[in-house]
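Subject: Structure for you to look at

Hello,

Here is the structure I promised to pass on. Please open it first and then read the notes below it.

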Amino acid sequence: MVNQAAMPLLTPYKQAGGKIDLSHRVVLSPMTRCRSYGNVPQPHAALYYTQRATSGGLLITEATGVSDTAQGYPETPGVWTQEHVEAWKPIVDAVHRKGALFICQLWHVGRVSTNDYQPNGQAPISSSDIQITPDGSGIVYSKPRRLRVDEIPQIVDDFRLAARNAIEAGFDGVEIHGANGYLLEQFMKDSSNDRTDEYGGSLENRCRFAIEVTDAVVGEIGAHRVGIRLSPFLDFMDCVDSDPEALGSYMVEQLNKHEGFLYCHMVEPRMAIVDGRRQIQHGLLPFRKAFKGTFIAAGGYDREEGNKVIENGYTDLVSFGRLFLANPDLPKRFELDAPLNKYDRNTFYTQDPIVGYTDYPFLDEDQNNSLDHRIAFVSFPSPIDTYIIQAEQSPINRDKMVQHHQAAANDDHQAIPLLTPYKQAGRPGSKLDLSHRVLLAPMTRCRSYGNVPQPHAALYYTQRATRGGLLITEATGVSATAQGYPETPGVWTREHVEAWKPIVDAVHRKGALFICQLWHVGRAITPDGSGMVYSKPRRLRTDEIPQIVDDFRLAARNAVEAGFDGVEIHGANGYLLEQFMKDSSNDRTDEYGGSLENRCRFAVEVIDAVVGEIGAHRVGIRLSPFLDYMDCVDSDPEALGSYMVEQLNKHEGFLYCHMVEPRMAIVDGRRQIQHGLLPFRKQFNGTFIAAGGYDREEGNKAVADGYANLVAYGRLFLANPDLHKRFELDAPMNNYDRNTFYTQDPVVGYTDYPFLDEHHHDDDDSNAPSA
């Protein structure tokens, strides 16, 4: 093991009078990853980058397009629209919370494209009409169109506006991509530029476009925020120069004219292999000596070579690509001289949001199950998936609709009972102090792979979170035996706790309370025509029941450790607790069957254990005495509900009672609440939540009449993440899609339901790079 103080790569670096103040010199190199669907940065990028972020580290994004003509690869991110800016913001914020600096690389591919990627199928643009020679990879790039001189200023302006957008998104600066055979280099190198005007011929002319871009970006955001990447020696994408030393020197000379320029990031000549070892050719030394600022070297470095070039002053910083891709904790592995994960080339450019992207293991991952490395501590504002467009709504009609509803809301906002504040009465330090009464009901969503909550859940819940709101999670398993549906979350292991923490933290940063619903599915049911045949259950022995009770207790403890404000015991909908409570599903003859008291004994023991563990002020319950879900029916639901409320009242300060209405009746085509919960509402000594098919009108009525303190909404909230706003404006609702309720897609039917004003404020900016 090498001592950290003696390891050059892990020594601090501070730019004299500049922005760069780092704890180490291991930089994440920009690498195209092809996972920004529709060119919109995605929530999983927050996880990818924060995995590789360290306090005092420096990360450079994947190449990010400056316009719609800049595209040449599938699903690469952009930064030319307001939509892109808003999508980048939570990702940048997540990296900053890890203490790292974050630079956005600005990119135009030029001729490295095909007509399929270009607007209206037009030809890609370049310095010349010279097509890239097919290289045996099977990719045939389209013949490019030579940019006219009068078109070049628009491309320069695209870079300028993209830089402005990047700063608005929160980035610490930008890196102009002038390397690797892309547009700027296509102008700079003589093999790809045969122009005879002021942008071709001499070295000065060939570099003119790149210098104009640099000048424009510096003029927009300041030299202290602008770096550049150059590769004068490379021959990537048929871009070769006959005198790379002269090219590199000229460009450095131009950069030096900008006092305080952030950095110069240069790529080495291709590595030589000597005796089976990569050998740096150190071709960058003249440029390092000539450049007056921070110098970053790149190009196949490993730990040994990186330490060497820092130690001998060849460079200030070293950027690592594939090694960092496959080893998110690369600085730690360098510190310990630990083995490195091998990268998988097959997944470099796939679109999978996990495989080959965020699933590379950390060094100590298997030792302590510390998944805090793998979860992005990120709060996603809404909307983030704004590329989902309701085509039938024109911009003009949308504007009129929003204005109409805003005007209407101004007249009657105070009259909407659902939007009045609620504070739990007579409870010093009470958890429930809400700005409105519209709750997110617990709904199974089947997107927690391997029972581990995923980063996309942070987006789902924060989309629906409001300051002073209350959210209840999907049903969350208390043990390995509690499972009955695919990919549902758990809270019984340390892994689960660590995975929930950033999700809970994200909701709290939106100002909402967050309750974890604790669940055990219990038995199966008889076939119901759905095609699903549940297995015949085994009767729990009396001596086994205390273990299940303890599972709930420990799960409650875990939930509070994960940061939840409390738990909701799931005693409804035909699952395990209700299977004991209802006489149609409980034929026991011991102390857990027969009489109402006996049948409720198990549920009461669970409640007592959970209250004993975390306190009554953190415990609520959901009950559905009237429902017949999963073949669970009771012959006297009123008596069952009343008995359970009586038991809850024994716990002073019990958080809430959440009850589900009898099934809705349809009268004259309208749903009609049967108001079967009124006796329980009157009997319960605390906060009462009603659920079961409520809409805006019925919800307002229930609150206005004092029938319920709060109303929980399920499918309406699922399909309308801004439900409280729609209620306020009496706005139209998105229709939910039943086909996606229980699929495993992390976006479709989950985080892609549009917000009311999603397109209202983006229409002017979404299709053009101009401000």
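Among contacts in the chain between residues at least 6 apart in sequence, what percentage join residues at least 24 apart? The value is 73%, where contact means heavy atoms within 4.5 Å.

Some background first. This is a predicted model, in which local features need pLDDT of at least 70 and side-chain atom pairs count only at pLDDT 80 or more, while totals for chains, interfaces and linings use all residues. Residues are numbered from 1 along each chain as its sequence is written, and side-chain values use heavy atoms, with hydrogens and water left out.

The whole chain

The chain has 23 helices and 28 strands. These are DSSP runs numbered from the N terminus (helices: H or I, at least four residues; strands: E, at least two). Of the 771 residues, 60% are buried, meaning under 20% relative accessible area with a 1.4 Å probe, protein chains only. The chain exposes about 29,600 Å², and carbon and sulfur atoms supply 49% of that area, by the Shrake-Rupley method with a 1.4 Å probe.

Helix α18

Helix α18 covers residues 601–614. Its 14 residues should span 20 Å at 1.5 Å a residue, and its end C-alpha atoms are 20 Å apart, which agrees. The expected span is 1.5 Å times one less than the number of residues. Buried residues in α18 include Phe602, Val606, Ala609 and Val610. Among the elements that cover the buried residues of α18 are β22 (566–571), β23 (619–623) and α19 (637–648). After α18 comes Gly615, with a positive phi near 95°.

Another element of that cover is α15 (545–561). The axes of α15 and α18 are 9 Å apart and the helices pack at an angle of about 35°; axes are lines fitted to C-alpha atoms over the stretch in contact, and angles run from 0 to 180 degrees between N-to-C directions. By class, this contact has 11 nonpolar, no polar and four charged residues. Nonpolar here means Ala, Val, Leu, Ile, Met, Phe, Trp, Tyr, Cys and Pro; charged means Asp, Glu, Lys and Arg; the others, Gly among them, are polar.

Arg206

Arg206 is in helix α5 (residues 203–221). Is Arg206 buried or exposed? Arg206 is buried, with a relative accessible area of 8%. Leaving aside neighbours within four places in sequence, its contacts include Met188, Asp190 and Asp241. Arg206 and Met188 are 18 residues apart in sequence, and their C-alpha atoms are 4.6 Å apart in space.

Regards

Notes
Buried means under 20% relative accessible area, exposed over 50%, partly exposed in between (1.4 Å probe, protein chains only).
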